[in-house]
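This briefing goes through a structure topic by topic. Please keep the sequence and the 3D view open while reading.

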Amino acid sequence: MESLTSGTMAGAGSFRCERCGYVMTLTSRDALGDCPGCRGRSFARASLFSAATQSSSPLTAAGAGANEELIARAREEIESPGEYLLFEDDGEPRTVALTREWTRIGRSLAADVRFDDPTVSRRHALIVRQADGVRVLDDRSLNGVFVNGERVEWRALSDGDEIVVGRYRMTFVTIAPKVHPVQPLETAVRSRHTQTLS
């Protein structure tokens with residue numbers, strides 16, 4: 001079996017990480033990048049028709065802690081209630097508000113959330129907002145869409161779900177409207193009674 005390392009001009013095809021089993025598919029003459037699942041650099045050619053799925057290898061403890069810190073900071077900075085995607089792009093944290101019914105994710109110039117990376121298909125995924133909730137759909141991508149480590153065709157999203165598209169990890173976040181504390185009834189009545197007497 002042919003073994004390859006990241007950075008190699010591997011050509012079109014599917015490649016399996018020899019460390020975690022993540023399968024990614026490249027087209028044209030893209031260079032093989034580091035593994036999105038474990039950052040490994042050693043790959044073997046794989047069949048598009050094998051039943052293998054992405055290994056659910058988690059981030060390292062340090063990486064997971066840093067990710068949770070970024071999410072917590074982003075939650076504090078978001079002022080408007082709604083649904084958001086949080087992710088890092090070239091080391092920069094990004095927050096995208098989901099305000100439309102359809103949000104396209106992919107490598108295409110027409111994508112609403114664009115990742116210029118060979119592990120991402122031109123039309124990779126769709127986020128759909130409807131009255132009964134928010135869903136992610138695989139838009140016929142080569143490398144698939146994963147939610148919390150499981151490959152999905154479509155999935156209803158909940159606050160904190162991790163979506164993996166190519167080598168990018170996004171977190172779906174729901175920010176509820178801020179609730180102002182309500183005065184207890186007894187205090188409100190006493191206050192109104194005091195205003196009436198004066």
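Where is Ser 121 found? Ser 121 sits in the loop between β8 and β9. The model is a predicted one.

- An open sheet is built from 5 strands, in the order β8-β7-β9-β10-β13, and its pairing is mixed.
- At the edges are β8 (113-114) and β13 (154-156), each of which pairs on one side only.
- Strands of a sheet pair through backbone hydrogen bonds, and they do so either parallel or antiparallel.
- Strands β9 (residues 125-130) and β10 (residues 133-138) run antiparallel and are joined by 6 bridges.
- Val 128 has Arg 135 in β10 as its bridge partner.

**Ser 121**

- Ser 121 has a relative accessible area of 11%, so it counts as buried, the cut-off being under 20%.
- Not counting residues up to four places away in sequence, Ser 121 touches Gly 106, Arg 107, Ser 141 and Leu 142.

**Aromatic rings**

- The whole structure contains 2 aromatic pairs.
- One of them is formed by Phe 87 and Phe 115, which are edge-to-face, with 5.2 Å centre to centre and 80° between the planes.
- This pair links distant parts of the chain, 28 residues apart: Phe 87 is in strand β5 (residues 82-89), and Phe 115 is in the loop between β8 and β9.
- Phe 87 is buried at a relative accessible area of 4%, and Phe 115 is buried at 1%.
- Phe 115 and Tyr 168 form a stacked pair, because their planes are at 15° and planes under 30 degrees apart count as stacked; the ring centres are 4.0 Å apart.

**Glu 162**

- Glu 162 belongs to strand β14 (residues 162-165).
- The relative accessible area of Glu 162 is 18%, so this residue is buried under the 20% limit.
- Leaving aside neighbours within four places in sequence, Glu 162 is in contact with Phe 146, Val 147, Asn 148, Arg 169 and Met 170.
- With one of these residues, Arg 169, Glu 162 makes a polar contact from side chain to side chain (3.3 Å).
- Glu 162 and Leu 85 are 77 residues apart along the chain, and their C-alpha atoms are separated by 9.5 Å.

**Positive phi**

- Most residues other than glycine have a negative phi.
- Arg 140 has a positive phi, near 60°.
- Arg 140 lies in the loop between β10 and β11 (145-147) and counts as exposed at 64% relative accessibility.
- Asn 148 also has a positive phi, near 50°.
- The loop between β11 and β12 (150-152) holds Asn 148, which is partly exposed with a relative accessible area of 47%.
- Asn 148 is among the residues in contact with Glu 162.

How values were computed
Residues are numbered from 1 along each chain as its sequence is written. This is a predicted model: local features need pLDDT of at least 70, side-chain atom pairs count only at pLDDT 80 or more; totals for chains, interfaces and linings use all residues. Side-chain values use heavy atoms; hydrogens and water are left out. Two strands pair if DSSP finds at least two bridges between them. Helices (H or I, at least four residues) and strands (E, at least two) are DSSP runs, numbered from the N terminus. Buried means under 20% relative accessible area, exposed over 50%, partly exposed in between (1.4 Å probe, protein chains only). Contact means heavy atoms within 4.5 Å. Rings of Phe, Tyr and Trp (its six-membered ring) pair if their centres lie within 6.5 Å; planes under 30 degrees apart count as stacked, over 60 as edge-to-face and the rest as tilted. A polar contact is a pair of N or O atoms within 3.5 Å; within protein, one must be able to donate a hydrogen and the other to accept it, and residues adjacent in sequence count only if both atoms are side-chain atoms.
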